[in-house]
Amino acid sequence: MTVAENIRPHRGDTSGCVPIAEHGLIGDLRTAALVDTGGTIDWYCPARFDAPSVFASILDTDRGGAFRLTPEVPARTKQFYFPDTNILITRFFADDGVAEVQDFMPIVDDSREADRHRLIRRVLCVRGSLPFTARVAPRFDYARQSHTVHTAEGLTVFASPELSLALTSSVTTEIDGPDAVSSFKLVEGEAAVFALDRIGGAVQPRSCPLAEAEQLFDATVRYWRRWLSQSRYRGRWREMVHRSALTLKLLTYAPTGAIVAAPTTSLPEQLGGERNWDYRYVWIRDAAFCIYALLRLGFTQEAEAFVRFLSEDICLKSGPGGPLQIMYGIDGRSDIPEEILSHLRGHLGSSPVRVGNAAVDQLQLDIYGALVDSLYLYDKWGRPLASDHWDTVCELVGWVCDNWDRPDMSVWETRAGPGRFLYSRLMCWVAIERAMRIARHRGLPADMPRWSRARDDIYRRIMRSGWSPRRRAFVQREGEEVLDASVLMMPLAKFISPTDPKWLSTLDALGEELVADSLVYRYDPTVSPDGLRGEEGTFSICSFWYVEALSRAGRVDEARLAFEKMLTYANHVGLYAEEIGRTGEQIGNFPQAFTHLSLISAAFNLDRALG
C-alpha cells in the first residue's frame, strides 16, 4: 500500500494551488472528483464528466470553488485507496488524535437513484480527538453563475439557474455568504457524514444518516472488488496494473460506454504555458487503446459497451474529413466547440483555461487503425462482431484504402499544419491488416484484392520514405529527418519485427535523442515546430511504449529497469498525469487514460518476457 505524507498548516492554508500529483480520484462511472492530500475536493463536475464544474479551485484557488474538510490544528496527512477499490482515504495525524476522511461516490443500480450523483465524505476519529472545519463553496458553471443558499428540512440547498445541489450533514452546518460552513469536534469512535447530491426533476433532496453512509460505503467496496475480481492478470506488478485498470474503469461513462481521455481540463503540460486542453471527451484512439488494455486483463463488458457506443451513439459522416471524427462527446455528439474561460487564472497561473476542443475537426488518419485493431481484439477475445459492425468496418477500411496518403495532423494533434506522418501511415496499415485478419478468420465478405494492394503499398511507402539512411532510423514524416517516439508502435503493431536491424537501429537512435533516464519525449519541438509556444515534459505513454519495445527486442534487463524507474514517477496512490516534468513532477491532465493503458500493456508484455 502506498501513501503520501504532507505537513498541512493550520486550517489548511489555501494560498497556493496544490500540485497536480497531490490528488486522488473518485467517481461513479458518470463523473469524477479530485481530492487533494489535505482533504479538499478541488475539481468536480456534477452528473457528467463534461458538465460545467462546481469545484474548480485546482484551476483558480480564489474563484474556482472547493469543498474543504480539514482539521483545525496542524496535521500530517497520508492518503491511500481502500484496497482494491476506488474509495479514497485521507488520514490526519495531529498531536491530540488521528482521524480520516473517506471519500467516495456510490454506484447505484436503482435507476431512480442513478441521477442523484451523490458524493459522500465520511469523517472518522480513530484515536484521541480532533476538531474539524468544513467549507462547501460551490461556484457554478465554471464560476460564471451566481447562486442562492437556503436551508430546508435540515438540508442546505445551493441553487443556480441551471443546477441545484443539496448538502446534508450529521453535524450542524451554517450559511456563510454563498457557502456552507461547519465546525465540529470528534472523539475516538465518533463519525460525521457530509453528502452532496445533485437534485432536480425526479431526484428530491434527502438526508444521508450515518447508518446509510456506512451501508453505501460497504456496497461501494463490494462493487469495486467484484469488478476487479474479473481480472485474469497474475503477473508481476499486479498492484500497479490493477490500479491502472481501476482508473480506466473510473474514466468510463456508464450510460453510453464512452471512455474519456482524462476527467479534467486545462491542467498544463508546461507550468505557465499555453499547452492546456480539455480532455473530458472520447478520443477514438485513446478509447480503442483502453479497450485493448482491458481485454488483455479479461474485462470484456467494457469492450461490449464501447462497441455499442460506436454503433448506437456515433453517426458516421461523409466528407473530406472522413467518416470518423477524432473525438466525440460522451453522449456521441460531434460538436465540441472550444472556448476560453478568461476569468479563471489557470493551474498555478497557467492560462488559458479551455473548455471544448478545437482539435475535433482535425484529420488524424491513425484513429482508423486504433479502432479496427480494438474491434479485431474484441472479435478475438470478446464476442464475434455482428454483421452490422462488419459492414461498418468494411466502410471504414474502404475509406482508408482511398485516403491513406493524405497529409494529416497525426497522433500528437499539432497545430502547425498537416504533414505526411509515418505514424498515420502505420496505423492505416494496421486498419487494413486487422480487417483482413477478421475476414479470413470468420470467412466474412471483403474486397481482399483491393485491401491487399493498399496494405502493401503502405508498407512499401513506409519502408522507402519513412526510413532515413543518414539517421539510420525511421523518422517522424516523409522527407525529413526528425525523430518521433510514435514510431515505437511499429513493432508493437506487428508492422516490423522487433529484432529487425532497421528497427534496432531506430531504437538506438530514439534512446540517444529522445530518452532521458527512461523518460521519453514525443519529439523535439525546436526541430519539429508544433505551432505552440514553450516546452513540454516527457510523454508517459511513450515511456511505457519504450519499455515494451525494449522487451520485444530482447533487451529485457533494460526494459525492466526502465519500467521500474517509470513506476517511481507515479503519485502516492499510483496515478499518472499525461507528462512528467524536468524535476519529476506530474503535468498535464490527470489522471490520463493513455498513460495507464500503456502501463498495463508494458507490464503484461514485460512480465511474459521475463518468464
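Two rings of Phe, Tyr or Trp, the last taken by its six-membered ring, count as a pair if their centres lie within 6.5 Å. In this predicted model, the structure holds 25 aromatic pairs. Two of the pairs are set out below.

| Pair | Distance between centres | Angle between planes | Class |
|---|---|---|---|
| Phe82 and Phe217 | 5.3 Å | 80 degrees | edge-to-face |
| Trp412 and Trp545 | 6.4 Å | 35 degrees | tilted |

Phe82 counts as partly exposed, at 22% relative accessibility, whereas Phe217 is buried, with a relative accessible area of 5%.

The planes of Trp412 and Trp545 are at 35 degrees, so this pair is tilted. Here too distant parts of the chain are linked, with Trp412 in the loop between α7 (387-403) and α8 (422-442) and Trp545 in helix α12 (residues 540-552), 133 residues apart. Trp412 is buried at 9% relative accessibility, and Trp545 is buried at 4%.

Beyond these pairs, one aromatic cluster is formed by Tyr44, Phe55, Phe67, Phe92, Phe132, Phe184 and Phe194.

Charged groups also meet rings: the charged end of Arg243 sits over the ring of Tyr81, 3.9 Å from its centre, and that of Arg522 sits over the ring of Phe539, 4.3 Å from its centre.

Methods. Residues numbered from 1 in each chain as written. Predicted model: local features only at pLDDT ≥ 70, side-chain atom pairs only at ≥ 80, totals over all residues. Heavy atoms only, no water. Phe/Tyr/Trp six-rings, centres within 6.5 Å; stacked < 30°, edge-to-face > 60°. Buried < 20%, exposed > 50% of the residue type's maximum accessible area, 1.4 Å probe, protein only. Helix = DSSP H or I, 4+ residues; strand = E, 2+ residues; numbered from the N terminus. Lys NZ or Arg CZ within 6 Å of the ring centre and 35° of its normal.
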